[in-house]
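Morning, everyone. Let me put the model up, and then we'll go through its side-chain contacts.

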Amino acid sequence: MSDLLDHTEAKPSTQKETGTGPSAASLPLAGVRVLDFSQVMAGPFSTMLLADLGADVIKIEPPTGDQTRSSMGFKMKGPDSMGFLNMNRNKRSITLDLKSDAGREAFYKLVETADILVENYRPGVVKKLGVDYETLKKINPKLIYASISGFGQTGPWADRPGFDLMAQAMSGVMSVTGHPGMPPVKAGVPVADIGCALFCTYALLSAYIGRQKSGEGQYIDASLFEAALAFSIWDTSEYWGTGVMPTPVGTSNKMSAPYQAVKSKDGYFVMGATNQKLWLQLCEQIGREDLLEDQRFTTNPLRLKNREVLIEELEKTFVTKTSDEWVDELLAVGIPAGKMSSYPEAFESEHGRHRKMRLEIPHPIEGTVPNIGFPVKLMGTPQQIRMHPPLLGEHTDSVLAEVGLDEKEIADLKARGAFGA
């Protein structure tokens, strides 16, 4: 094998999120084999969620590796970016050149043993490579095959390259993001990518459960465009109900007021008096009973209609104390409030640490790498860190041996270009 394939296979880590927990074999998805034939974010994030729950996720990479390995513009000790390290834990990596006959031959052997496959090439590419669903279901009729793309596998936009930015713009998400009258603003986090990953995971697990009854796999078509559109519930409901085009509203929302970021003595904090009871409590707590008599603010619909002037009035009082003072004061009487945190502040907060939202993973090159913690907690079978994010092609030999290829056969595949030049 090449130098990248000569690393000793790492033994699964015994590190767990908690001091006690189930063995790897008792995790919910233990025994489920997933072929991760995707790159960058939506596909790898979806398959990492499956891996965290015990699935055997085999990351199939081209000889040059997942594009994310060399992204982000700053260097780590080794060749892999922090972004890659945060989306590929608990996986094994195998390199295959699917443009070669030998690479496809090895790939087909893997397909025979797989339950799930996830790919995110542009529509039509997998068919040209001979690894599309129609081809693979003849090898394994039980295979659940998910394709992730920018705009889906059919339709006028299907052939377009699609990334999170395009999905946010073309789905309408950017039309309601930011402040009125300002230039277009993208959501600060990749809502289309992560949303698509979550919807794809839900579909994969549903199809897997359904296969227990039918005995058959199926094809899943997931897109960033539709994932972004699915988040538009309040804005679309307003439009369909009133005919009024949704517009950006800053940090506020379309349902209640006051509910947004407000200015304090030392910055901003967020608060929400989302019903009449909380509105009465807010006015009493901050000493602004005069607002209760103001006919512009007597009901929630009126407060929404007059939101800008309402916030101006409230901020006359909020600027007299610091954000921390107001948050403590409002929480003490049951009014939802919170400080504005940076990511480092959120991860290092007392609550972030308690919820274990930063994990440290042993790594053969980096020493340890921080990872974002598990976003939901399974209390009976908690997710585990079993393996570090894999080095490129780290498990090629061992994975191929598992599907029945001996050393001579693997050497023959190498000679015929299965793993690249």
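Which ring does the charged end of Lys-321 sit over? That of Trp-326, 4.8 Å from the ring centre. The test for a charge over a ring is NZ of Lys or CZ of Arg within 6 Å of the ring centre and within 35 degrees of the ring normal.

Ground rules next. This is a predicted model: local features need pLDDT of at least 70, side-chain atom pairs count only at pLDDT 80 or more, and totals for chains, interfaces and linings use all residues. Residues are numbered from 1 along each chain as its sequence is written, and side-chain values use heavy atoms, with hydrogens and water left out.

Now the salt bridges. We call one when a side-chain nitrogen of Lys or Arg is within 4 Å of a carboxyl oxygen of Asp or Glu. The whole structure has 24. Take Glu-402 and Arg-92: their closest N and O atoms are 2.6 Å apart. Glu-402 is in helix H16 and Arg-92 in strand S3, so this pair ties together parts 310 residues apart in sequence. Helices (H or I, at least four residues) and strands (E, at least two) are DSSP runs, numbered from the N terminus.

How accessible are the two ends? Glu-402 is partly exposed at 43% relative accessibility. Arg-92 is buried, at 7%. The cut-offs: buried is under 20% relative accessible area, exposed over 50%, partly exposed in between, with a 1.4 Å probe and protein chains only.

Next, Arg-211 and Asp-115, 2.8 Å from N to O. Arg-211 lies in helix H7 and Asp-115 in the loop between helix H3 and strand S4, so the bridge ties together parts 96 residues apart in sequence. Both Arg-211 and Asp-115 are buried.

On to the aromatics. Rings of Phe, Tyr and Trp (its six-membered ring) pair if their centres lie within 6.5 Å; planes under 30 degrees apart are stacked, over 60 edge-to-face, the rest tilted. The search finds twelve pairs. Tyr-133 and Tyr-145 pair edge-to-face, at 5.8 Å centre to centre and 65° between the planes. Tyr-133 is in helix H5 and Tyr-145 in strand S5, so the pair ties together parts twelve residues apart in sequence. Both tyrosines, Tyr-133 and Tyr-145, are buried.

Tyr-145 also pairs with Tyr-219, tilted, at 5.7 Å and 35°. Tyr-219 is in strand S6, so this pair with Tyr-145 of strand S5 ties together parts 74 residues apart in sequence. Tyr-219 is partly exposed, at 32%.

One last item: Phe-37, Phe-107, Tyr-108 and Tyr-121 form one aromatic cluster.
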